[in-house]
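Reader: I am new to this structure. Please take one part of it and look at it closely, then show me what surrounds it.

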Amino acid sequence: MATATSHESGLSLKHWSVEEYHRLQETGLLTEADTVELLAGKIVYMSPINSTHADIVDNLMEWLLTHIDSDKKIRVQNPITLGKSEPEPDLAVVNRRSYREHHPFAPDVFLVIEVSDSTLQKDRDIKLPIYAAANIAEYWIVNIPMRCIEVYTKPNGKQYDRMETFRPGDDLHSSAVGRLAIATIL
């Protein structure tokens, strides 16, 4: 059941469970035209995807296809279920199996990648704590304005203990997918 909490403005906010969020979709109250995701019990609008963002997602997907092990697969802009959240990361590397019955849960996820331009603050301040709390081992933010990839590892509560920044010319070494030459992505 969803709970109501007090907001700074004095307004009461409804927090949605994953099950309630799914029921909104099943009954048609939320449709594919509603570009939203569930983050920490809140239904949040997603930003439109511009051409730079789409191109970087495409480049990363192509690179991942040639570098992941056969026991893993790539999900592109599809949900993963993490407690009270169901984010739709740009890319996720997950266990290779069918997800017809439910979206991947945290133990299924090796790597989450968010490509960020206008969403940078949301990806750092809202999504990072969700991914860390779910114990996602590796989280990348492709920071378009700064032309770098922020790699977060060693989840600890709602944060990551390690963050490294990689720029064009650097080689990123990932425990989930191996070595990436940054210049090929940004």
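Author: Strand 3 and strand 4 make a hairpin, with two residues between them. A40 sits in that turn and has a positive phi of about 50°. Most residues other than glycine have a negative phi. The model is predicted: local features need pLDDT of at least 70 and side-chain atom pairs 80 or more, while totals for chains, interfaces and linings use all residues. Numbering starts from 1 along each chain as its sequence is written, and side-chain values use heavy atoms, without hydrogens or water.

Strand 4 covers residues 42–45. Four bridges join it to strand 3, and the two run antiparallel. Strands are DSSP runs of E, at least two residues long; helices are runs of H or I, at least four; both are numbered from the N terminus. Pairing takes at least two DSSP bridges.

Strand 3 (36–39) gives two or more residues to the lining, as do helix 1 (18–26), strand 7 (109–116) and helix 3 (120–133). Helix 3 has the largest share, three residues. By type, the lining divides into eight nonpolar, nine polar and 11 charged residues.

Q77 deserves a stop here. Like A40 in the turn, Q77 has a positive phi, near 50°. Q77 lies in the loop between strand 5 and strand 6. Q77 is partly exposed, with a relative accessible area of 29%. (Partly exposed falls between buried, under 20%, and exposed, over 50%, with a 1.4 Å probe and protein chains only.) K154, in strand 9, has a positive phi too, near 60°.

Strand 5 and strand 6 pair antiparallel over five bridges. R75 stands opposite A92 in strand 6. Both strands belong to an open sheet of six, in the order 5-6-7-8-9-10, with mixed pairing. Strand 5 (72–76) and strand 10 (159–166) stand at the edges; each has a single partner strand, so one side of each is left without a neighbour in the sheet.

The largest nonpolar core has 22 residues, and L60, L64, I113, W140 and V177 touch the most other members. (Such a core is a set of buried Ala, Val, Leu, Ile, Met, Phe, Trp, Tyr and Cys residues joined through side-chain atoms within 4.5 Å.) Helix 2 (51–67), strand 6 (91–95), strand 7, strand 8 (138–143) and strand 9 (148–156) each supply at least two residues. Helix 2 gives the largest share, five. A second, separate core has 20 residues, including A106, V109, L120 and Y139.

Terms used:
Ala, Val, Leu, Ile, Met, Phe, Trp, Tyr, Cys and Pro count as nonpolar, Asp, Glu, Lys and Arg as charged, and the others, Gly among them, as polar.
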